[in-house]
Amino acid sequence: MEILWEKEVAASSIVVSPRPVWKCRACLMYSKRPSCPPHAPDWREAKEWVGSFRKALLVKFSINMEDFEEEKRKALLWLLKREAELFKEGKLYAMALFPGNCNLCDDCPFERGQACRMPEKVRPSVDAVGIELSSLVDIDFSESVLYGLIMVE
């Protein structure tokens, strides 16, 4: 996993709609992880939440698709670390949004109806809360990348 760039974006430019949430319904992880719908906040609530911010950080990660789960896990951990750094800088409401479902654990107990091992680290996915990533970046599906978002202030 490599960070290709971190870009500040105006929160007002973030489009939130039901479209990404509906796309989530086609995913095999739908309802199986705490970062996914229907466990993530509703898109309407997320729209109000995003509207309470002025800026966010969009992060583009290059990943090795042959080791996708481990590379994605590194991206999630990096987002959590960056969120913590922003918090220490006085951005009290900084919060990361994951690129897709949570995979912090190799073996997710939540999938088996058990409690999440790391509820303090789980963040909703960008899509799960209805954020249209395409409103922020031109997506090139030939690239092996993930995008994360951190709402800052």
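## Report on a predicted model

Tyr93 lies in the loop between α3 (68–88) and β3 (95–97). The model described here is predicted. The relative accessibility of Tyr93 is 66%, so this residue counts as exposed, the cut-off for that class being over 50%. Together with Phe87 and Leu92, Tyr93 forms a nonpolar patch on the surface. The accessible area of these residues together is about 390 Å².

**The sheet**

Four strands make up an open sheet in the order β1-β2-β4-β3, and their pairing is antiparallel. β1 (2–10) and β3 are the edge strands, as each of them pairs on one side only. On average, and with direction ignored, neighbouring strands of this sheet are turned by 20° against each other. In general, the strands of a sheet pair through backbone hydrogen bonds, in either a parallel or an antiparallel way.

The pairing of β3 with β4 (residues 145–151) is antiparallel and runs over three bridges. Across from Met95 stands Met151, which belongs to β4.

**Helix α2**

Helix α2 covers residues 43–51, and Trp43, Ala46 and Val50 are buried in it. Viewed down the axis of α2, the buried residues fall within an arc of 55°, so they line one face of the helix. The other side of α2 carries Arg44, Glu48 and Gly51, which are exposed.

**The loop between α1 and α2**

Two residues with backbone geometry to note are found in this loop. Pro38 has its place in the loop between α1 (19–24) and α2. The peptide bond that joins Pro37 and Pro38 is cis, with omega at about 5°.

Ser31 is also found in the loop between α1 and α2. Its phi is near 70°, which is a positive value in a residue other than glycine. How exposed is Ser31, given its relative accessible area? The relative accessible area of Ser31 is 34%, so the residue is partly exposed; that class lies between the limits of 20% for buried and 50% for exposed.

Technical notes
Residues are numbered from 1 along each chain as its sequence is written. This is a predicted model: local features need pLDDT of at least 70, side-chain atom pairs count only at pLDDT 80 or more; totals for chains, interfaces and linings use all residues. Side-chain values use heavy atoms; hydrogens and water are left out. Patches are made of residues with over 30% relative accessible area and no salt bridge: like charges are joined within 9 Å, nonpolar side chains (Val, Leu, Ile, Met, Phe, Trp, Tyr) within 5 Å. Accessible areas come from the Shrake-Rupley method with a 1.4 Å probe; for residues, only the protein chains shown count as cover. A salt bridge is a side-chain nitrogen of Lys or Arg within 4 Å of a carboxyl oxygen of Asp or Glu. Buried means under 20% relative accessible area, exposed over 50%, partly exposed in between (1.4 Å probe, protein chains only). Two strands pair if DSSP finds at least two bridges between them. Axes are lines fitted to C-alpha atoms, for helices over the stretch in contact, and angles run from 0 to 180 degrees between N-to-C directions. The arc is that of the directions from the helix axis to the C-beta atoms.
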